[in-house]
2 protein chains.
Amino acid sequence: MPKLVDHAARREELAAALWRVVVRDGVDAASLRRVAAEAGWSLGSLRHYFESQAQLLRFAMELVVRRVTARVAALGPPEEPLQTATSLLHQFLPLDADRRAEMEVWLAFASRALVDPELRQLRDESHDAVRGVCRQAVGLLGAAQPDLEAERLHALVDGLAQHAILAPGVTTPDRQREILDAHLRSLKTRETAA
Amino acid sequence: MPKLVDHAARREELAAALWRVVVRDGVDAASLRRVAAEAGWSLGSLRHYFESQAQLLRFAMELVVRRVTARVAALGPPEEPLQTATSLLHQFLPLDADRRAEMEVWLAFASRALVDPELRQLRDESHDAVRGVCRQAVGLLGAAQPDLEAERLHALVDGLAQHAILAPGVTTPDRQREILDAHLRSLKTRETAA
């Protein structure tokens, strides 16, 4: 099936170009025109793949999901529970340029999904997937009230990520690690006071 | 100064119309045209006040700041510390339709400020003001490591608020209260394990 193979390879080319634009210039700069230029394609060729900015944003979000999933899958065998939980959750914090770009795509995508019903399924799946990883982390630490603690941890991680984008000089990568570490340690060593 | 008084009254009229549109139809629906229609003004008259959608969004955000500030100022005299901290932080969670609309304005505004430098000062002031209230709450509870705990609490509150907008069927008002309560109790009764 040479046609299909070609199609998949072309999409990978596009994904790589899109990601370069997002990391370098931000998600709002990733217009159809800019991504076409980055890939060395005509705008018309790109339009065979994406008819609208919303479709391109969805493709960017699919790329984020793929990237995070691959990193989680590539984590080594489980270490000590606190270490494993930390490694898992670090995949969802903007600790470097790539993860920062991922978070910007997520925020733009989630915001756009509020007014575009077609994006909601992927948004909800992504939100639920992060919740699942938080539940896994909470389970590793043996926290009491795992449902409540998974939701609390998830809110903390998403809030930290948001602050890292808004105030990168305050919520630095080191500060994010420090706060997450304090939170996970409190889950491990104590029960919730509720 | 009749002109000035008139101007202030007109801005209040606009603020009320803008808020009705935001609560009823969402922040993305609050276009210049829609707000003019809601206020019973011509689009041209509205343009004397706001030349662009970004200026209208900034006005909406100023309105949010005014609303939250007024609610915080109207809180009764301090009760038991946990109760006081809870009452303060409830002003920043989307626990009803008005606070939900405030949070939607904040998310849209913060997202827009990422690409519009003119909005950053108000965004940073708002972010810092919430951090200040978190620091106050942490102080009331006598938590160890107040700076770290203020930042952790702030991230939790903003993350919960974000989830309440994204997944209102899961992160319900009751659930938000329950998670905040568990967090504040853990600050009050235990030191951070970090």
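Q: In what do the side chains of A:R66 and A:E12 meet?

A: They meet in a salt bridge, at 3.0 Å from N to O; the term stands for a side-chain nitrogen of Lys or Arg within 4 Å of a carboxyl oxygen of Asp or Glu. A:R66 belongs to helix α4 of chain A and A:E12 to helix α1 of chain A, so the pair ties together parts 54 residues apart in sequence. Before we go on, note that this is a predicted model, in which local features need pLDDT of at least 70 and side-chain atom pairs count only at pLDDT 80 or more, while totals for chains, interfaces and linings use all residues. Side-chain values use heavy atoms, without hydrogens and water, residues are numbered from 1 along each chain as its sequence is written, and chains are lettered from A and ligands numbered from 1 in the order in which they are written.

Q: How many salt bridges does the rule give over all chains, and how many between chain B and chain A?

A: Over all chains the count is 39, and between chain B and chain A it is two. A:R175 forms a salt bridge with B:E151, with the closest N and O atoms 2.7 Å apart.

Q: What is the secondary structure of chain A?

A: Helices (H or I, at least four residues) and strands (E, at least two) are DSSP runs numbered from the N terminus. Chain A has nine helices and zero strands.

Q: How do I read the relation between the two chains?

A: Two copies of a chain are related by a rotation about an axis and a shift along it. Here a rotation of 180 degrees with 0.0 Å of shift along its axis places chain B on chain A, at RMSD 0.0 Å (least squares on the C-alpha atoms of residues with pLDDT of at least 70 in both). The two copies are thus related as by a two-fold rotation axis.

Q: And what about the interface?

A: Its size is often given as the accessible area lost when the parts come together. Chain B and chain A bury about 3,400 Å² between them, 62% of it on carbon and sulfur atoms (accessible area with a 1.4 Å probe, summed over both parts). In chain B, the residues that lose the most area to chain A are B:E151, B:R152 and B:L166, together 18% of what that side buries. Counting contacts (heavy atoms within 4.5 Å), 40 residues of chain B touch 40 residues of chain A. The copies meet through the same surface, because 100% of the interface residues of chain B are also interface residues in chain A.

Definitions and conventions. Buried area = accessible area lost by both parts, 1.4 Å probe.
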